[in-house]
Amino acid sequence: HETIADARNADVLIYVNGALVPRDEAKVSVFDSGFVLGDGVWEGVRLHNQKIAFLDQHFDRLYEGALAIGMDIGMTRGELAAALYRTVEANAMESDVHIRLMVTRGVKSTPHQDPRLTIGAATVVIIAEHGKYERTEMGQTLYPRYEWFKRVVKVFEDSGRSVPVFNDKHLSTTWERCAEMV
């Protein structure tokens, strides 16, 4: 889809770890694990008529992703939903809004991969922007790749084989074989 530019986005407030700050002042540490390693989870959601579309499904995927990488989001679903709505309300947004929710493992004491080097809680950032989109494809499911992944996992489980891990060096070949089976 194509994004239609909206001048109101220049002045949006961004949620950063509980604070709403002007867009130009929103910052995270260069030692944040999301910046250093890409270590985190995110969701892109839409606000329509003051309601976030498919919020439960988005939260299912977000929390499953965090669990898969052993990361504590540090907020309940209710607290995270309240933060999302707080952000859009602070920006007087009601519809045609894209919200990017990002959660990283948090700030690290040093830029190494070991998650034990994380100091403090997860970093939570919510960016809500006005944005109408021109649809270019119709009829897609909410999570086409995610639904495909769940089918692949089921094939492995049903066959009694263990599900491959993401750092498997043969992963692309494994997924190609799975795609032929589903």
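Gly 106 sits in the loop between β6 and β7. Helices (H or I, at least four residues) and strands (E, at least two) are DSSP runs, numbered from the N terminus. Gly 106 is buried, with a relative accessible area of 0%. Buried means under 20% relative accessible area, exposed means over 50%, and partly exposed lies in between (1.4 Å probe, protein chains only). Gly 106 touches Phe 31, Asp 32, Ser 33, Thr 118, Ala 121, Ala 122 and Thr 123, with residues up to four places away in sequence not counted. Contact means heavy atoms within 4.5 Å. Gly 106 and Ile 119 are 13 residues apart in sequence, and their C-alpha atoms are 7.0 Å apart in space.

This is a predicted model, in which local features need pLDDT of at least 70, side-chain atom pairs count only at pLDDT 80 or more, and totals for chains, interfaces and linings use all residues. Residues are numbered from 1 along each chain as its sequence is written, and side-chain values use heavy atoms, with hydrogens and water left out.

Now take the whole chain. The protein has five helices and eight strands. Along the sequence they follow the pattern β-β-β-α-β-β-α-α-β-β-β-α-α. Of the 182 residues, 32% count as buried. The accessible surface comes to about 11600 Å², and 53% of it belongs to carbon and sulfur atoms. Such areas come from the Shrake-Rupley method with a 1.4 Å probe; for residues, only the protein chains shown count as cover. Among contacts between residues at least 6 apart in sequence, 65% join residues at least 24 apart.

Next comes the interior. In soluble globular proteins, nonpolar side chains tend to be buried together. A nonpolar core is a set of buried Ala, Val, Leu, Ile, Met, Phe, Trp, Tyr and Cys residues joined through side-chain atoms within 4.5 Å. Here the largest one has 31 residues, and Ile 99 and Leu 101 have the most contacts inside it. Two or more residues come from each of β2 (13-16), β4 (40-48), α2 (55-68), α3, β6 (97-104) and β7 (123-130). Helix α3 gives the most to this core, with five residues.

What does Leu 101 contact, leaving aside its neighbours within four places in sequence? The list is Val 41, Trp 42, Glu 43, Phe 59, Leu 62, Leu 80, Leu 84, Val 124, Val 125 and Ile 126. Val 124 lies in strand β7 and is buried, at a relative accessible area of 3%. Beyond four places in sequence, Val 124 touches Tyr 15, Val 16, Asn 17, Ile 73, Met 75, Leu 80, Leu 101, Met 102 and Val 103. Val 124 and Arg 105 are 19 residues apart in sequence and 9.1 Å apart in space, C-alpha to C-alpha.

Thr 87 belongs to helix α3 (residues 77-90). Is Thr 87 buried or exposed? Thr 87 is buried, because its relative accessible area is 0%. Its side chain reaches the backbone oxygen of Ala 83 at 2.8 Å. Residues up to four places away aside, Thr 87 touches Leu 13, Tyr 15, Leu 20, Ile 126 and Ala 128.

Asn 9 is in the loop between β1 (2-3) and β2. Asn 9 is buried, with a relative accessible area of 11%. Leaving aside neighbours within four places in sequence, Asn 9 is in contact with Arg 23, Glu 129 and His 130. Asn 9 and Gly 131 are 122 residues apart in sequence, yet 8.6 Å apart in space, C-alpha to C-alpha.

Most residues other than glycine have a negative phi. Gln 50 is not a glycine, yet has a positive phi of about 65°. Gln 50 is in the loop between β4 and β5 (51-52), and is partly exposed at 48% relative accessible area. Asp 96 also is a residue other than glycine, and its phi is positive, near 55°. Asp 96 is found in the loop between α3 and β6 and counts as partly exposed, at 30% relative accessibility.

Conventions. Polar contact = N/O pair within 3.5 Å; in protein donor to acceptor, adjacent residues only side chain to side chain.
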